[in-house]
Structures are given as structure tokens and as C-alpha cells.
Amino acid sequence: MVPRYSHRMPLPLTKNSLHPPTHVTPTPQKLKRIRVFDLSNSLREIKEVQIKTITSQTFQRILTAEKVSLLRGTSEKRISVIINLVCQFGGSYASALLDFIVDDFRANFDLAIAWLFAEYALTENYCLSRREAWSYETCLTLLLNGACERLESRDRLFTRLILEAPKITPSVMDNIKSYCCTEEKAFLGINTLKELILKRPHGPHGTEDFLQMLLEITLGSVELARVQALHVTKKLYAKSELSAKIERFALQSLQYLLSDFPPFQDDTGDMEIATEWTEESVNLCLQLFVSLLPLNHKLLKDLAMIYTSTTPSVKRIVLKHIDKPVRTIGMESPELLHLVENCPVGAETLIMRILYILTENCPPSGGLVERVRELYKHNPSDVRFLIPVLHGLHKNEVLAALPYFIKLSPNLVRGVFDRLLLSFRGDHGHSISPVTPSELLVALHNIDCSNDEALMKSAIKATNICFSEKSIYTQEVLAVVLQQLLDHTPIPVLFMRTVIQSLAAHPKLVSFVMTILNRLISRQVWKMPTVWQGFLRCCELTKPHSLTILLQLPQKQLIGIVQVDPGLQKELVEHIELYPHTKMTLPSAILQSLGLHPTGESDIKKKRKDSSTKKRRHSSKSNSQDKESFN
């Protein structure tokens with residue numbers, strides 16, 4: 001085996017290694033010159049434009065490296081680098097970052113918040129300043145504008161940006177308000193205000209400022225924004241810490257109605273044009289307060305007190321806009337019942353409107369009727385309070401107030417009768433009226449109108465209303481009414497007028513009317529001047545049926561009638577001749593007054609017979625003379 005020698009072992013001797021080497025003279029070489037390295041000579045100068053381009057491209061690569069940084073877990077470092085570059089250099093870096101964030105706001109939201117906090121720190125001098133500085137306010141405003149342009153109108157990312165911003169500046173407040181006052185952005189702006197009120201109560205712009213801005217929008221001219229603001233305000237009113245301020249503002253808005261003209265500009269912005277109250281301007285001042293009424297019934301008292309001092313035109317508009325809240329409050333509210341019982345002077349029309357609204361579709365409650373009774377006791381001259389609660393009153397109360405009801409305006413009188421007769425129209429969804437139709441018509445006749453001509457006219461108009469209800473006042477009902485009136489002593493003044501109206505409406509009642517006329521003779525109707533005139537008129541309208549009735553009158557009254565109407569004598573004589581048995585029942589004095597003889601013919605018929613006899617005699621005499629002359 002051949003041994004292996006290391007480099008440290010001596011080499012073996014050979015033949016050549018025994019002789020010493022011969023001396024060789026070295027050849028001289030030329031030395032090279034060493035150059036000193038100069039960096040400035042090795043670099044090429046780059047222009048400033050190229051520098052900006054390179055740095056901009058580099059910054060863009062960092063911005064778009066989001067996916068890579070997420071994969072390698074360096075996302076936070078990437079955001080830190082971007083923010084540091086922007087905060088230190090600003091300018092084009094800030095513009096590039098803004099465009100990048102706005103391009104995909106949802107994906108770059110965290111980057112936007114980090115930038116805002118960094119800008120805020122610089123603005124508040126929490127760190128070193130930088131070149132070409134952007135203020136925090138400018139940064140936030142630009143981000144909000146970009147978000148509003150790119151996001152949908154109901155995207156809550158806009159709200160989230162404002163909520164997470166470190167500070168709300170005055171310009172941002174103006175920005176939010178401008179959003180609230182445009183139809184396209186109103187929903188976004190008002191919901192942002194709501195979140196700020198609930199979640200940003202502290203700071204230079206806290207709940208007070210945000211709530212004030214929201215309340216002012218309820219008086220704005222943009223209807224969509226105003227409705228949304230009212231809706232949000234009603235929800236915030238449930239918060240105990242906010243309710244007092246909302247109430248104060250609502251009451252202040254309501255008090256504007258006491259002014260001679262609206263205290264705010266109209267839609268054109270010209271203050272001189274808003275010189276009178278219109279329905280729209282009144283509604284603006286009234287809406288917030290009215291929307292709070294169902295939530296706080298105690299506000300009814302404030303409404304009544306202010307109502308008393310407003311102008312008539314404003315009062316009319318107020319009455320038109322309280323329907324919905326009053327129905328929501330209902331007739332069981334203790335505050336509402338207390339207001340009804342203690343009606344302020346000048347608020348009577350408001351209370352009556354409330355009563356009408358409450359009883360429009362349902363009968364009044366016992367508590368409401370009792371409060372109205374108390375109110376009527378203190379104001380007995382104003383019977384209008386009783387109209388809405390008629391179905392809750394007793395019969396005697398309704399009948400006692402009837403003379404005062406019929407003195408009201410025609411519309412109110414019609415309203416009274418509509419309520420009293422409503423349950424008799426086949427509508428079983430309403431409570432039963434305290435009086436029946438027949439009782440109502442009888443009560444109208446029993447009103448003493450003898451010394452009051454105006455009351456008489458009112459009673460006649462009221463009976464006409466009853467007769468217009470043909471489905472209620474049928475032939476049977478009117479027969480009952482006439483029978484009851486006939487039994488009264490004395491007979492009502494309007495009785496015969498009603499008899500004639502009933503006969504005109506139902507001609508089949510003629511037989512019944514003849515019975516009535518016959519009974520009136522037995523009650524010596526000629527001693528009642530007004531009824532006597534109606535009796536004669538009815539007889540005139542019902543001839544020939546009434547001729548038998550007229551023949552039952554005493555001689556004096558019959559002669560008086562015949563003297564007034566000479567043609568009546570002929571009709572009576574013909575009637576007697578047509579019905580011979582009638583002559584047997586008539587007194588001789590009546591027959592003689594009519595020119596009839598108890599045993600024979602009437603004077604008229606006798607004259608006719610004598611005339612015809614004379615003519616026959618004259619004819620026979622002339623014939624005999626002719627014969628003699630011929631012979």
C-alpha cells in the first residue's frame with residue numbers, strides 16, 4: 001500500500017535534487033500607477049423632474065403593495081411608511097394618498113383613519129412639522145368629499161369616518177349641515193348627526209351643537225330633510241338627557257306663531273316676501289311640537305295657551321294639523337281630560353276640534369262625557385261642547401239642549417242631527433242615539449216658539465232636516481209622530497205644517513190625515529188661529545176627500561169658509577148630491593147655508609128646473625100659434 005504523505009512530511013530524494021540549482025537573474029518590470037477612487041466622477045447627475053418621477057413611482061408601488069404586505073405580514077409597516085412619507089413631505093404624496101384612498105374607500109378605510117390621526121398630531125404640535133403641510137381640517141374635509149362622491153347615499157361608512165375622526169372641526173360641521181340640506185344627501189347627513197349626538201357627547205363640538213343643528217333642520221325648507229329630521233328627533237326625545245332641550249326648541253318654534261309674520265326667510269331667501277303667515281309657514285313652526293304631543297301629553301296645555309293669542313287665520317291652520325296626534329293621544333289621557341274640563345278662555349274652538357276628532361269614529365268614553373258636562377256647566381251659553389258627545393248624554397239632556405242646538409249655524413245643526421240619527425241609518429258600528437227619530441221630531445214641535453219668531457224659523461229648518469232623511473222618517477214613523485202630537489195639549493204650532501209635509505212625502509197617509517182633521521174639529525180647531533190656518537190649507541190640498549170633513553164644521557165656521565172661497569159652496573153641494581145619504585146627517589142650518597132645502601132640491605137646482613120649465617112652456621105656446629096661423 002502506497003503511503004499518503006501530508007504536506008508537512010519531507011519529500012524523498014531524487015537524482016536531480018542532489019545538485020544545487022543554477023542562479024537566474026530576474027527581469028526588471030514597469031510599475032503601474034494607482035488611481036484614487038472619486039465617487040463624484042462615477043455618478044451621473046439626475047434632474048429634479050426625474051427625481052420626482054422616480055419617488056412618485058416608488059410611492060405608488062408602496063401604495064399598491066397591499067396584497068404583498070398582507071401575505072408577508074408587513075401591512076402595519078407599510079401603513080407606517082406611507083403615513084410617515086406623507087406627513088414629512090406632504091404635497092404630491094398627500095394628493096396621491098388621497099386619490100388612492102378615495103378610489104376604494106372601503107378597502108382603504110384603515111389607512112384613511114391612520115392618516116387623519118397623523119395629521120391631527122401634526123396640527124396639535126404633537127410631533128415635528130413638515131414641508132408643504134396639509135392641515136388636519138383640510139385632510140378631513142377632502143376625505144369626506146371623496147367619500148360622499150364615491151359612496152352610496154345610504155352608506156354608513158361616511159358616518160363611521162366622522163365618528164372615528166379625532167376631532168370635529170367647524171368646517172366639517174358646515175359640511176355635514178350642507179349634506180343635511182340637500183335632498184340627495186339628507187338621509188346620510190341626518191343619520192350622521194344622530195350618531196354624533198349619541199356617540200360623541202364631549203369635545204369642542206359635542207351633543208349640544210349636533211342637536212341644535214338637527215333641530216334647526218326641522219324648520220328648513222327641504223321637505224325630505226325636514227321629515228327625516230323630525231323622525232330622528234322623535235327617537236332622540238326618548239333620551240332623558242335630550243328631552244328638555246328638544247322641548248325648549250319645540251316650544252320656541254311654536255311661539256313664533258305669536259309674531260305678526262314668520263321670523264325666517266322663505267324659499268327664495270327674500271326676507272321681505274315673508275310678511276304674512278301661510279299654511280306652509282305655520283306648519284313649519286308647528287310640526288315639531290305637534291309630533292311631540294303623543295310622547296308628552298302635558299304639552300297640550302302649552303298648545304292651548306299659545307293658541308289663544310294667535311290670529312284667526314293661524315288658528316284655522318293649527319286646527320287642521322292636530323288630527324293625527326290627538327287620535328294617537330286618545331280620550332283616556334288624564335292631561336287631555338284635564339284640559340277639556342279646564343278650557344282656557346279663547347281656546348274653545350281648539351277644545352271642540354279635539355272633541356270632534358276623538359269621537360269621529362267611536363263613541364265618547366264615560367270620562368270624556370263627564371268632563372264635557374263640567375265644562376258645559378261653566379259655559380252654559382256655548383252648547384257646541386255637547387255636540388261631539390251627544391251619544392254619551394242622557395235623553396233629557398239632549399232634549400233640554402235642543403232649543404239651543406237649532407239656533408246654531410246650519411252646518412252645526414246638520415252635524416247635530418247627523419249624530420243623533422246616525423245609528424238609525426243601518427250603521428251598526430256606532431252606539432245607539434239617546435233619542436229615537438220620532439222622539440226628536442216630537443221634541444222639535446214641543447219647543448215654545450210663540451214669542452220668538454227667530455226660534456220658530458230655526459225649528460222649521462230643523463224639521464226640514466228631519467224630512468230630508470227619507471230612509472229614517474218613513475210613513476210609519478211619521479204616523480206615530482202625528483198621533484203623538486195630536487194628543488198634546490195644546491196642539492203644537494207647527495203641527496199642521498208637519499201634517500202637510502208628511503202628506504206630500506207619503507200620499508198614502510191621506511186617510512190617516514182625514515182622521516186627524518176630524519179629531520181637530522172635535523177639539524174646536526177654529527179657536528187655535530195658527531192651527532186653523534193649517535187646517536184650512538190641508539183641506540184645500542186634500543179635496544175632494546176633505547169635503548166630508550168640512551161639512552162637519554159648525555154653521556158659522558162653514559159660512560165663513562164659503563164666503564172666503566165662493567167656489568167651495570158649489571163643490572160642497574155637488575158632493576152632497578153625489579152622496580145623498582150625507583144630506584140626511586147634516587143639520588138643516590148647514591143645508592140652508594149652502595142653499596139646500598131639507599126636503600127637496602137645492603136653490604141652484606130649483607132655479608135650473610124653473611128655467612127649463614119656462615123654456616118648455618114658451619116653446620109649446622109658440623108651436624100652437626104657428627098652427628093657428630097655418631089653418
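Visitor: What makes the crossing of helix 2 and helix 4 left-handed or right-handed?
Guide: Helix 2 passes helix 4 in a left-handed crossing. That word applies if the near helix is turned anticlockwise from the far one by less than a right angle; clockwise would be right-handed. This is a predicted model: local features need pLDDT of at least 70, side-chain atom pairs count only at pLDDT 80 or more, and totals for chains, interfaces and linings use all residues. Residues are numbered from 1 along each chain as its sequence is written, and side-chain values use heavy atoms, with hydrogens and water left out.

Visitor: At what angle do helix 2 and helix 4 pack?
Guide: About 145 degrees, with the axes 10 Å apart. Axes are lines fitted to C-alpha atoms, for helices over the stretch in contact, and angles run from 0 to 180 degrees between N-to-C directions.

Visitor: Which residues make the contact?
Guide: F59, I62 and L63 of helix 2 meet R78, V81, I82, L85 and V86 of helix 4, where contact means heavy atoms within 4.5 Å. They divide into 7 nonpolar, no polar and 1 charged (Ala, Val, Leu, Ile, Met, Phe, Trp, Tyr, Cys and Pro count as nonpolar, Asp, Glu, Lys and Arg as charged, the others, Gly among them, as polar).

Visitor: Why is the pair Y120 and Y136 called edge-to-face?
Guide: Rings of Phe, Tyr and Trp (its six-membered ring) pair if their centres lie within 6.5 Å; planes under 30 degrees apart count as stacked, over 60 as edge-to-face and the rest as tilted. Here the centres are 5.4 Å apart and the planes are at 70 degrees, so the pair is edge-to-face. Y120 sits in helix 6 and Y136 in helix 7, 16 residues apart. The whole structure has 4 aromatic pairs.

Visitor: How do you know that the peptide bond from T489 to P490 is cis or trans?
Guide: Omega is near -5 degrees, and the bond is cis. P490 lies in the loop between helix 25 and helix 26. Another cis bond joins K543 and P544, with omega about 10 degrees; P544 is in the loop between helix 28 and helix 29.

Visitor: What makes Q524 worth a mention?
Guide: Q524 has a positive phi of about 55 degrees although it is not a glycine. Most residues other than glycine have a negative phi. Q524 is in the loop between helix 27 and helix 28.

How values were computed:
Helix = DSSP H or I, 4+ residues; strand = E, 2+ residues; numbered from the N terminus.
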